[in-house]
Structures are given as structure tokens and as C-alpha cells.
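Please keep the sequence and the 3D view open while reading.

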Amino acid sequence: MKKRFGLLSTDGGRTIVASLISIVIGMVIGALVVLIVGICTPTIGLKGALDGVRIILGGLFVLGERTEAGALAFGFNSVSMGNMLFRAMPLVMTGLSVAIAYRTGLFNIGAAGQYLMGTLASLFVALSIPSATVPAWIIWTLALLAGMLAGALWGAIPGLLKALLNINEVIACIMTNWLAANLVTWAFEVSNLKNVAEGTKTAYIYKTTFNNVATSKLGLDQLFPGSQVNGGILIAALFAVIVYIIITKTTFGYELKACGFNRYAARYAGIHDKRNIVLSMAIAGSLASLGGALYYLSGNTEFYWNTYQTLPGEGFNGIPVALLAANNPIAVIFTAMFMSMLSICGTRLSQLTAFNEYITNVIIAVIVYMSAFSLIIKMFLGRHARKDEPLVQAAVALTESLKPGKAPPDAAKASDPKPISLDKGGADQ
Amino acid sequence: MKRASDDYVIEMLHITKVFPGIKANDDITLQLRRGEIHALLGENGAGKSTLMSVLFGLYQPDGGEIRKDGRKVEINSPNDATALHIGMVHQHFKLIDVFTVLENIVLGAEDTKNGFLTTKAARKKVQELSERYGLLVDLDAKVENITVGMQQRVEILKMLYRDNEVLIFDEPTAVLTPQEIDELMKIMKGLAAEGKSILFITHKLNEIMAVSDRVSVLRKGRYIGTVDTANTTQQELSRMMVGRDVQLVVEKKPSVPGEIIMDVQELSVMSKLYHREAVNRVSFNVRQGEIVCIAGIDGNGQSELVYALTGLEKPSSGRILLQGQDITHLSIRERAKAGMSHIPEDRHKHGLVLDYTLEQNLVLQCYQDPQFQRMGLIRFDEVRAYADKLIEDFDIRSGQGPVTIARSMSGGNQQKAIIAREVDRDMPLIVAVQPTRGLDVGAIENVHAQLVKERDAGKAVLLVSLELEEVMNLSDRILVMYEGEIVGELDPKATTVEELGLYMAGAKRQNVRAEA
């Protein structure tokens, strides 16, 4: 009891617990949906439905085959593990993109478009410069940088519109998303990078290995043999740490957060709020586009370029990843891994049972709702902790105030039990 | 049953309420007689609001009991309070703007007939109440279209409509004009005469003297005492409230003006809203060692003038010189660096980042100084040490010291934090806009003393204030603004409040500006 109270007594602790609770509720509801859909579908039945639940809860430890008796096989699966990391990579980046914009008080719903622009620029560079004349690692580096630059410019557009004309960034982002989708389709349509060699495939771009360009595996393929994983996940994690340092340790992050919390006070203090809004969106854009660049530079992924009527899911899934992580860059690494695990579960479901793999989207949807709900859960946790132990807290406060050099506590509503967390974001905007 | 039950309609006995880090109410006893106006006096953060929230069922007390008509009651929600006929007018009205007055009054207690709303009976009852207590309202006007004073009358009618006999007024005069305050005082006396019992929360001493029968004083969560208004003085009440003698009049030496620090020449600012000159060719200067006060009724161009001086808006013409340097076209930060400190009018919107901690707010102007950052990385230990120093020097009180979230601090301490931040920068010019707005006497005294201290240290202080008393008390020179122009320069020692009022209303003017 005491330990639990300790975890709930800090704001960060409550955030973690709230996120975990929303994940658990999401999984339980998801499992229920799988069960009900299974029982109601003649081709699946109760047995298939129960297998479905096992796969959902078994996660990465479900092997892609059945035992001779026909039961599910469980165990460590290096392919699943590696692929989970591989697919988490772009989600980490788009999650970071959403998180850093949110800290500046902006909702970056344009990660999908920025992701596409990053893909476009990096694929063009990676496939256009012949590796016969330029060393492949230089091409790879240039491609990555080109991707980031394209995303930064693309993200800066809604940033500029917001800063200069006060146009809502959500609307501008939605429009830049579809502009990107059509621009990418058109650019590859007129390019000669189209893959017409591999059988019946249409509207695919050559893999970058065609030009010998591919992200280094950095030994991760030894760790998870047979999977797609490469060094990209380490780069993504490195960026998470960098973003964390920017937000919490630098004066730049201090300015960004000040603008996010209260743009007027920031301006009063001489902070260039407009410049910071543009910079924040540009950084968010470059992070999202780095996700696209890393994903397609891995060498074993194919890009379907007829994107004009669909936007990449990685862009939008960055939103739940960031929400679930409470916009903490380090936590984004883990929530991205969790989301990619769910999509692996979806694949397993369709392999091993008669379920459609899209059933996992239901679980993701529930978790998205729950992650928005996690603020309320957190509020409830805060209340609960205080109600339980007011005397303990008072004692702590008292000893705290008796320490030398500290002013006695003001009899103010130092910690009003009516939490204001819900209107925190909106109150000053 | 005890005899006391005949006297008291509400008794709150030994109420204790603890929040993490703070004892908001510590063994407080408050007894309200039937038909009296009982003032509850205390500084910001003394625990008045918490106590009333306990009575209104918003908080549950950790100790003590509440009695209604001598019987012990449990009030677990505002609904329980309403059932006990306890009503509250909040400082910020709880009205729905787009509903009519009548709809707002009946809201939550509507009559229905066959499932449809009927207002006939309600209208009759409200009309009777409004006549009986002299509460003039237009029942069919939308709330968004009526004055603040009338909105308050609607709130009072809401309580009366629910047959409440205990009425709580939470700082009801904060939003009213002087005339509306007089009106409210009359209404309160009328209600008491009709047998209603009133709890009146305030920190304004003159209102207490004018209207209340008895006063209970709280200080830092503790109960100090209850006195009959007839047998006390403002001086004694303020001593009870603050715990020491309070200087109600600012004590200061005559000013010794030195060199000109800020020179404003023919400054004009366009109003964004109305496309006319909000500030019209204003010229004045502020010298070392004097407090120059810009007086005027709200909305006569003072805000725009300050925006132009501090760099938030561009002037349309004219020049601003700070220590001889032309700062007319400098950015906000460049001006701050050139020698200007600024205590803004709206501390929540402009002065503080409320979701930042106290220490983060204290470095809001100087986080880029080499002292607090190395190559863009914040030096947290230096920030903490600096914050601790300011907290100590300026006596900023908060629940958790430097890591307190600014939002959770009391208004007076928030203002202290801003003043600490701006004064400690040690700039030759301090622009202070309504620095005491919404503060209690103790905090006002502190702010005034601080400004006088800076003046005596040779700073130039430009004060913008709407409070006549503050203008007369604090300033060494008064400039009156009327419709964007400076219409008079007065010496506070040689003028009267009445004369100042004539200038402010535009009835009198000097030819201070040489016509070009």
C-alpha cells in the first residue's frame, strides 16, 4: 500500500499509472470485441475466438505456427521482436513530432504529410545519385538529411500560417497533408524511379537496395535473426533522447514551453513567440519526415507511391503514441513499441485464425480513446491519493516547512484538490 | 438543546481542512446570527474561500462540525447546501450568457407541466421577490446584454427564488463600480432587515464598516476573533487581519528628482479596434528618484500607451528615449535590456506562465543570461539558488517553495514574484501598471513600500493606476489622461481628489501640450 502511494504521489508516477490503466482497459475491451466477433462469425466460432484472445494477450510471444495438435505455440520469437522494433521506428519519430509541437501548444496533425515529404525527398536522393560514383553511405546520409529538410519545410508552412496570419494549425495541417499526398504521387509519376521490373507490381518505387543504399544493421540482425530490424531504431531512440534534452534542459525548450503554456506572457518576457511557433513546427516536421526516411531507406521496404487518396497510418498513429506517452519523449519510445506490437498481433491473427487483421485497429481505437481519457484517470488517481492520505501529506509538508531556510507554507490553496489539469492547455489560449 | 440555537442560524465549529502542503483551515469557529450581516475578513489565502466552500458542500472538512438551527448537519454537496437553504453568490458569476434573466433564475429548479417548461408561476414569484427587495432586473433580457451590476442582482434573485435564508457573498464588490457598490450595500441591508442572514466575504475595510454588524477575522488559516463593527476601527481590523500594524497611508520622503530617464516625445498610438488615435501626441518625461503616475478612467489610452512604451505595439508617430537612447523601434527584449522593467497589468495573462513553477517564472526575463545557461543548457542549480534568494528577499510564500506551480499561489504572492523578478533586474526605469489590483491591504502595503524603496534608490518609476487613493498616496507627480491626451499635470500635495476627478472626467484641462 505504501509503495503504491509512493508511485501515485508524484505527477509523473500518476501519468505512468494512468497510461498503463488506459492500455489495460484498451486490451480488455479489445479482447472482448475479438471474442464477440469470433463467436458471431460462423467461420471462426468459439475456439477461434479464444485463440484470437490468446494471440492478443500473448503479443509477441505467439509463434507464427501451430503445434501438431493444432494449438497455438508460444515462445520467444526473434522475427516478431525484430519486426516490432522495426515498425516502432517510424512511430517513435511521428510520436516525437506530435509531442514536441504539443509542448509549444500546437497540435501537429500534419505528421502524415511531413512523413510523405520525407519519404519523397529521401527516396529521390537515395535512388537518383548512382552508388557507382558516390559511396553508398554518403548517399544514405544525404538522403536522410534531404528527408529531414523536406519535412522541416513542410512543417514550417502551417507554422508560418499560424504565426503570421493566426490560421489554425489543425486546418493548415490537414490541407498540407493532402497537398503532400498528391505532390508525392505526381513527383513519382513523372520520375523514372518506378518499379516495373518485379512481376505484376505497379505503382511501386524501387527499393533503395537497388542502388546499394540501406541503413546499417548495426548487428541488430544478429540479435533478432530473420527480422527486418536495422540501426534505424537506435537512431530514433537517439532522437527521443535529444528531444527530451531540448525540452527539459535547454533555454530553447524553456521558451517553447513558455509559448505553449502562455503565449502572451512569453511575448511580454521578450520571447519571440512567432519565431518559436515556426521553429517548433519545423522541428516537428523534420522529426516526422525522418520517420519516413528511416523506414524507406532500410532497403527492404517498398513504397507504394499512388498515395493521393490515402495518407500513411504512421503519421496519424503518432498522435496516440504521443498522447499515451503524455508527450514525454522517452515514454514515446515505449508507447511506439507497444503500438507496433499491436500491429504484429494483427498479422498473427490473420495468419493463425480466420480473423481479419484489421480487428487490431479496434483495439488501437479503444486505446486512443482511453489515452485521451487518461487525463481523467490521472485526475482520479490524484484525488484518490489525497483522500487516502491527507495526514501523511500534511506531515510531509510540515517537516518540509520546518527545514531551515524555508519559508512557512502560505495558507493559500497551495494544492487545490479540484484539479485544473483538464483545462490546462486551453485556459490561456 | 442549547440556548445558542435560538441565536445562531449557522454554526461552523472547530472546522479543520487540510490540503497537501497546507492547513487551509485550522480549528475555525464561525457563528452566524439570524438576520445579521456577518463579514468574513482575511488576506488573500487566509482560508476564507475554503471555509465557505466547506459550508457550501464543495469540500468536506477533516475536522469539526456544522450546525444549522442548532442541529448537526452533513453537507456533502452543493445540493445538500441548497436543501438547507444556503445559497452563494460567487465572485465570478455562474450565469449562462445566452439565456434570459428569468431562464437563469429558474435554471435547475424549473417548473414543468406535462413535461413542458412553464414559467408563468416562476415569473410571478421572481417579480414579487424583485419588488420586495428592490432588485431591479429585466426578466426577458439576455444575460450577455445586461450590466455586471444587474447580473449580480440576478445571482441574488437566484438565491431568493430557492428560498435560501443564508446568503453567502464571495467578494461581491470586486467587479462593481462605486455606484453599483452603494446599490449592493442597500440591497444587503434590505435583505437582512427581511430576516435573511448574510455572510459577506471581503478584504475591503470600508465596505465592512459600512454594512456589516459583526466581523470575523481569519489569518493564515487560523481564527483570530470576532468583533462588533460598531466597536472597532479600520486600523484595528487591519491589524487583526495582517497580524501587525498596517500603514494605510504610504509613508515617504519628498522626492529628489535627478536626470531624465525616459523622455516620451509626441507619441501617438493607433487603436486597433476603432482606427483612431488611442494615444494622441503625448509628451512627458520620468526622472530619477520620482514616481510619476498616469491617472485616468479606464480606457482613456493608458493601456495603449504602456503597450507602445514596452514594445508590444508600434507607435504610429513620436519617439521614446530611454537614457538618451532612441528605443522607439527596438523589440521587447532589447528594450528590457536597455533598461526597462515592466510589471504588467494582468499578472495571469502577461505576468506569469501559470503552469510553470515559481523558479521558472522568476527567471523568465533573465534565463538567457550567462549566469543561468551555458551553451543553451539551463544551469538548474544556479536557477534554484537565484530563486531561493528572491523568495527569501521578497518573502514570497508558497506551498512548495521554488517548485510550486505558480497557478496554485495566492494573488499577493504571485504579484510579489513578478515584482521580485522585475525589481531585481535593477533597471533604471520601472513601468508598473496597476500593481495592486486585486490585492489585500497587507500586499498593497508591501507593493507600495517596494516601489517607494526603488524610487529612493534612484530609479524612475512610471505608475499607471485607476485607484484614486493610490494615485494621491504614492505619486510625486500626476499626469491625467483623458481620451488619449494628457490633459493635466498635477502635484499630489497641492491638489484634491475632487480636482483630480474633474480632470479625469474631462471637465477641466490645462494647456500642457504646446500646440504645434
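In helix 2 of chain B, the buried residues are Lys48(B), Thr50(B), Leu51(B), Met52(B), Ser53(B), Val54(B) and Leu55(B). The helix spans residues 48-55 and is mostly covered, with 7 of its 8 residues buried. Just after helix 2 of chain B comes Gly57(B), with a positive phi of about 85 degrees. The model is a predicted one.

Strand 10 of chain B covers residues 197-202. All 6 of its 6 residues are buried, so strand 10 of chain B is largely enclosed by the rest of the structure. Both of its faces are covered. Ser197(B), Leu199(B) and Ile201(B) are buried on one side. Ile198(B), Phe200(B) and Thr202(B) are buried on the other.Two strands pair with strand 10 of chain B in the parallel sense: strand 3 (residues 37-41) of chain B, over 5 bridges, and strand 9 (residues 166-170) of chain B, also over 5 bridges. Ile198(B) of strand 10 has Leu167(B) opposite.

**Domains of chain B**

Chain B is divided into two domains. Domain 1 runs over 4-242, and domain 2 is made of 260-350 + 428-504. Their centres, taken over C-alpha atoms, are separated by 37 Å. Domain 1 of chain B gives 6 residues to the contact between them, and domain 2 of chain B gives 6 residues.

**The six-stranded sheet**

An open sheet of 6 strands in chain B has the order 18-21-22-15-23-24, with mixed pairing. Its edge strands are strand 18 (340-343) and strand 24 (485-490) of chain B, and each pairs on one side only. Direction ignored, neighbouring strands of this sheet are turned by 20 degrees against each other on average.

Helix 11 (residues 332-339) of chain B packs on this sheet. Helix 11 touches strand 18 and strand 21 (429-433) of chain B. Its direction makes about 115 degrees with that of strand 18 of chain B. Helix 18 (residues 497-504) of chain B lies across strand 23 and strand 24 of chain B. Helix 18 runs at about 35 degrees to strand 23 of chain B.

Within the sheet, strand 15 (residues 290-295) and strand 23 (residues 477-482) of chain B run parallel and are joined by 4 bridges. Here Ile294(B) stands opposite Leu479(B).

**The four-stranded sheet**

Another open sheet in chain B has 4 strands in the order 14-13-16-17, with antiparallel pairing. Strand 14 (277-287) and strand 17 (325-326) of chain B stand at its edges with a single partner strand each, so one side of each has no neighbour in the sheet. Strand 16 (residues 317-322) of chain B runs antiparallel to strand 17 of chain B, and 2 bridges join them. Leu321(B) stands opposite Asp326(B) in strand 17 of chain B.

Helix 10 (residues 302-310) of chain B buries Gln302(B), Leu305(B), Val306(B), Ala308(B), Leu309(B) and Thr310(B). Helix 10 of chain B lies across strand 13 (260-270), strand 14 and strand 16 of chain B. Helix 10 runs at about 120 degrees to strand 13 of chain B. Gly311(B) follows helix 10 of chain B and has a positive phi, near 100 degrees.

| Helix of chain B | Strand of chain B | Angle |
|---|---|---|
| Helix 11 | Strand 18 | about 115 degrees |
| Helix 18 | Strand 23 | about 35 degrees |
| Helix 10 | Strand 13 | about 120 degrees |

Chain A holds 17 helices and 5 strands. Of its 429 residues, 53% are buried. Chain A exposes about 19,000 Å², and carbon and sulfur atoms supply 68% of that area. Among contacts in chain A between residues at least 6 apart in sequence, 74% join residues at least 24 apart.

Which residues have the most contacts inside the largest nonpolar core? They are Leu96(A), Phe188(A), Phe303(A) and Phe338(A), in a core of 104 residues. Helix 4 (residues 78-103) of chain A gives the most to this core, with 14 residues. Neighbours within four places in sequence aside, Leu96(A) is in contact with Ala236(A), Phe239(A), Ala240(A), Val243(A), Leu287(A), Pro329(A) and Val332(A). Another core, of 57 residues, lies apart from the largest one. Its members include Ala265(A) and Ala266(A), along with Phe372(B) and Val447(B).

Technical notes
Residues numbered from 1 in each chain as written. Chains lettered and ligands numbered in written order. Predicted model: local features only at pLDDT ≥ 70, side-chain atom pairs only at ≥ 80, totals over all residues. Heavy atoms only, no water. Pairing = 2+ DSSP bridges. Axes fitted to C-alpha atoms, helices over the stretch in contact; angles between N-to-C directions. Contact = heavy atoms within 4.5 Å. Buried < 20%, exposed > 50% of the residue type's maximum accessible area, 1.4 Å probe, protein only. Areas by Shrake-Rupley, 256 points an atom, 1.4 Å probe, with all protein chains shown as cover. Core = buried A, V, L, I, M, F, W, Y, C linked by side-chain atoms within 4.5 Å. Domains from an automatic or database assignment.
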